Amino acid sequence: MNTVEQWKQEKHPLDVIEDVKRYAEAGMTFDEIEAEAGDGEWERLKWAGMYAHGRQRGYFMMRTKVPGGYLTTEQAEVIGEVAEEYATAPEEYGGVEQNDIWGDAFLDITTRQDIQKHWIEVEDVPEIWSRYDEVGLTTIQGCGDSARNVLGCPTAGIDDHECFDAQPVIDAVSDFFTENREYANLPRKFKMTITGCREDCAQSQINDVGLVPARKRIDVSGEAGGSSDSSDGGEDYYGFHARVGGGLSDGPRMASNLDVFIQPEDAVEFCRAVAQTFKELGDRNNRGVCRMRYLVEQMGADNFEAAVRDRCTVDLRERGVDLTEGYTGDHVGVHDQKQDGLKYIGFNVIAGRMGGDEFAAAARAANRYGTDEASIRLATDQNFLITHVPEENIADLLAEPFAEQYQPDPGPFSRGAVGCTGSEFCNYGIIETKNRVRRWATALDDRIDTPDDLDVVRMHMSGCSASCAQPQIADIGFRGETVAVEDREARSVSERSSGEGTEPRDPEHAQNEEGTALVEGMDFGLGGSLGADNEFLDWVEHAVPADAVIPALEQLFAAYSDEREDDERFYEWCRRVDNDRLRTVMQEADANVSGGVPEEEVASDD
């Protein structure tokens, strides 16, 4: 077993929940926790939804699970208030001015419909949990090798795109796995998505398990009949088809279809059977290849399905008629609900970060302007929605102070901007992401004249190769790395104006004996998408210094505008154009697009 597996054998990860309460009551420091429980405690704390900060010892990131992205207004207000009160940096780390853009007491909406808060101290965790318990929220298993937050369509129950409302199924699956010791120690994280929506906005193609809407004719005796279009006996039933083995990171894989039809009442048992298969057959030796997608790839989808059927206590019928029609990447804008006279508003939150006070204010505004059924919904593109708003209240809602920075009519780059936590707090982050995504998105909307019918350009930035920002499925994807350039290039960067959209003055860099500077940079990918034409992007250029990215994008979009065919999307153009041609276009920029070298290559040469 690998080291993490040994740590999980030493103490069941869920036992850490009671330990957290004890650490808090005793006021224990990180050093004292480590001395008592060993290095493995930092891993086990993930089951409590807590990650130790990468650069600020003594503080945690806390992740709140939001199944299907659905929050009552009361839950959303509590989340915002907890961020205001507890997600605050000490003076030694900048206090209220710790972040140039967001200041302090902010929260992050994630690509998995979670909420993350930073600067959490262990002594405050029991009080946070107590306040969460009062409104039905939890952080348990927000992280760790177990079932993570279950994704769903953020407009479940309110949009005509859905075949049926799958939120009750999401809640049932989430409830089954949360604090279930039998399935809280899997070989690796286990990600599920469940939707009754035709548009697959819950991203079934890149999850370990994806349940998508389907229809099948079943006869009155419960035996499978012909196709759903048959005029023979039986009734049409809505249910799910299943996709398994999707994921990103260093080994991206699109999910495989299984030949199964799952009725909603059997969804919990099906997901349990998949988890059982993964638990028994998954790799517990090499952490680099122990995600479930590697197991599906090794076994093949047919053999994996057979293993699931063997472990499932209900008989699984064969596939029916698939009802998925495409992929909707966001819900930004003002939209009609299927309930007469009501609308929902999708607010644009660049990189998913906003003030806790703003999030709480949004919840209060939902109460003020919405009906009794008003809710806050989180989306996988790091945005949020307010639902059940009468049409006559829309203007007043959008005039609320909290909404000023998050209006539902952004430019295409702001609308499609996604960013992970980055080096600001994450142990794995190589480059800073949140501030950079915010600067770049607003700058690109100002500097690039996109076609009028191009409403969104998906630009995703991950601070490392872990793909938390999902760069492989974006029009434009970035993967952070440290880049070596000749020192004259670094000096030219620091001498440039730090106006909106450019890299700041005096970027962090270190000079070696040969006069080479290390600067933040990234691999540059183009042409990804989900949906009927799903495809991962190609990494067209590597080790691009951050300062060269916007000039390269300006060249690419100039060429795209000149060469675009009909209503061709940017990712479609990127696929049609040869990668060498894309690289040549990028290199025409007045910037050091191809002059960088990954730091590890420099180190290996030494």
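In this predicted model, Gly419 stands opposite Met461 of strand S17. The two strands concerned are S16, residues 417-419, and S17; they pair in the parallel sense over three bridges. Together with helix H14, residues 434-447, strands S16 and S17 make a left-handed β-α-β unit.

Strand S17 also has a partner in strand S18, residues 476-486: four bridges join these strands, which run parallel. Here His460 stands opposite Gly477 of S18. Strand S17 covers residues 459-462, and its side chains point two ways: Met459 and Met461 point one way, His460 and Ser462 the other. Are these residues of S17 buried or exposed? Met459, His460, Met461 and Ser462 are all buried.

| Partner of S17 | Sense | Bridges | Opposite residues |
|---|---|---|---|
| S16 (residues 417-419) | parallel | three | Gly419 and Met461 |
| S18 (residues 476-486) | parallel | four | Gly477 and His460 |

Helix H1 spans residues 3-10, and its buried residues are Val4, Glu5 and Lys8. Seen down the axis of H1, these buried residues fall within an arc of 100°, so they line one face of the helix. An α-helix has 3.6 residues a turn, so residues three or four places apart point the same way. On the other side of H1, Gln9 and Glu10 are exposed. What do the buried residues of H1 pack against? They pack against helix H4, residues 40-44. The N-terminal end of H1 is capped by Asn2, with a side-chain oxygen 3.1 Å from the backbone nitrogen of Val4.

Helix H5, residues 73-86, has 14 residues. From its first C-alpha to its last, H5 reaches 20 Å, close to the 20 Å expected at 1.5 Å a residue. The buried residues of H5 are Thr73, Gln75, Ala76, Val78, Ile79, Gly80, Val82, Ala83 and Tyr86.

Glu199 is placed in a loop, between strand S6 (192-194) and strand S7 (209-218). Why does Glu199 count as buried? Its relative accessibility is 14%, and buried means under 20%. Leaving aside residues up to four places away in sequence, Glu199 touches His161, Glu325, Gly326, Tyr327 and Thr328. The C-alpha atoms of Glu199 and Gly329 are separated by 8.7 Å, although these residues are 130 residues apart along the chain.

Note on methods
Residues are numbered from 1 along each chain as its sequence is written. This is a predicted model: local features need pLDDT of at least 70, side-chain atom pairs count only at pLDDT 80 or more; totals for chains, interfaces and linings use all residues. Side-chain values use heavy atoms; hydrogens and water are left out. Buried means under 20% relative accessible area, exposed over 50%, partly exposed in between (1.4 Å probe, protein chains only). Two strands pair if DSSP finds at least two bridges between them. A crossover is right-handed if, with the strands pointing away from the viewer, the path from the first strand over the helix to the second runs clockwise. The arc is that of the directions from the helix axis to the C-beta atoms. Contact means heavy atoms within 4.5 Å. A polar contact is a pair of N or O atoms within 3.5 Å; within protein, one must be able to donate a hydrogen and the other to accept it, and residues adjacent in sequence count only if both atoms are side-chain atoms. The expected span of a helix is 1.5 Å times one less than its number of residues.
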